Amino acid sequence: MVLTLVALLAQSGCGLCWPRGGAMEQCIASDDDDDTGDDDDAGDDDDTGDDGMVDVPLGSVEMGCDEDLMTGPSSCDSDEVPLHVVTISAFRLDAWAVTNEDFVAFLNAHGNDCGEADCLGGFSEPEISESAGVWSVLAGAERWPVMETYWYGARDYCAWVGKRLPTEAEWARAARGDVPALYVWGAAEPDCKHAIYGDGCGEGHPWAVDDGIRVLGRSPFGAWDMSGNSWEWVQDRYAADYYEWSPGTDPQGPATGDSRVVRGGGWDSNSSMLRVWTRWGRSMNLGNDSVGFRCAATP
């Protein structure tokens, strides 16, 4: 009976997976797709390093909104203009967002005090909890991107592992690559093969960062989930007019300000929030159940 089922599935091109450690379910992508850019062999030519990071070479990137790439009545937000080009030095970036189990290891070694504020807070969706001084992860959520981190927690975690938060410009360079595009993957409107977002993709929560499903949504340099699944803190302070006076080489963000930039869109975002230039300013000591982060490093 089992062999017959497997044979039928193979004949139909159906793939099976366990993306969140739960029940077996049908993978979203199959080899029958005719999507441009579908790389079913991505796992065979994976450029992720042994340390789980990807290399982003020296290069230039367009920062900001490009209305020529949009369709329909959409227009650029005021903090996304003007469109401008900046040059970014080579750097390395985590291929995946930091996970709950990663962050629990940090909390158990470091504690939840990140100086100016707690490292983790909010707890509207308590995948991480503490009991008798020991932090743990809800079973099944270990590989979800960590959420509810304050900016200070993201900063201190990255320092704890010998890394740092990426600048906003570095994040944009890693997401956009060398060719201007509407989304990380190009011009195609998103679906569940590209990202986990609030249009029927997922089940009301993020998915495991390294389940290998969203191959079509990988960034030009091989990073996963730079659109959807979780928004991501970056190093920069937020200013709505920053693009008007940002330097042209390795911008570091404003010197002052009470909020920091998050990028990328989350599991509950609509498709417009997945656009590669969408930016949002959040208070540094305000967690959110769809905001996480990944780390960067200088080569």
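Predicted model: local features only at pLDDT ≥ 70, side-chain atom pairs only at ≥ 80, totals over all residues.
User: Which cysteine does Cys-295 form a disulfide with?

Analyst: A disulfide here is a pair of cysteine sulfur atoms within 2.5 Å. Cys-295 is bonded to Cys-158, with 2.1 Å between the sulfurs. The torsion about that S-S bond is -90 degrees, and the link is left-handed. Cys-158 sits in helix H3, while Cys-295 is in the loop between strand E12 (291–292) and E13, so the pair ties together parts 137 residues apart in sequence. Those labels come from DSSP runs numbered from the N terminus: helices are H or I with at least four residues, strands are E with at least two. Cys-158 is buried too, at 0% relative accessibility.

User: How many disulfides are there, and how are the cysteines paired?

Analyst: The count is four. If you number the bonded cysteines in sequence order, the pairing reads 1-2, 3-4, 5-8, 6-7. One of the four joins Cys-65 to Cys-76, S to S 2.0 Å. Both of those cysteines lie in the loop between strand E4 (59–63) and strand E5 (84–88), so this link ties parts eleven residues apart. Cys-65 and Cys-76 are both buried, and their link is left-handed at -75 degrees. For Cys-114 and Cys-119, also 2.0 Å between sulfurs, the torsion is about 100 degrees, so that disulfide is right-handed.

User: How many salt bridges does a search of the whole structure find?

Analyst: Side chains of opposite charge can pair when their charged atoms come close. The rule is a side-chain nitrogen of Lys or Arg within 4 Å of a carboxyl oxygen of Asp or Glu. The search finds 14. Among them is Asp-55 with Arg-92, whose closest N and O atoms are 2.6 Å apart. That pair links distant parts of the chain, 37 residues apart: Asp-55 is in strand E3 (residues 53–56) and Arg-92 in strand E6 (residues 91–94). Asp-55 is partly exposed at 49%, whereas Arg-92 is buried at 16%. Together with Asp-51, they are linked in a network of salt bridges.

User: In what order do E3, E6 and E13 form their sheet?

Analyst: Two strands pair if DSSP finds at least two bridges between them. The order is E3-E6-E13, an open sheet with antiparallel pairing. E3 and strand E13 (296–297) are at the edges with a single partner strand each, so one side of each has no neighbour in the sheet. E6 and E13 pair over two bridges, and Leu-93 has Ala-296 as its bridge partner in E13.

Conventions:
Residues numbered from 1 in each chain as written. Heavy atoms only, no water. Buried < 20%, exposed > 50% of the residue type's maximum accessible area, 1.4 Å probe, protein only.
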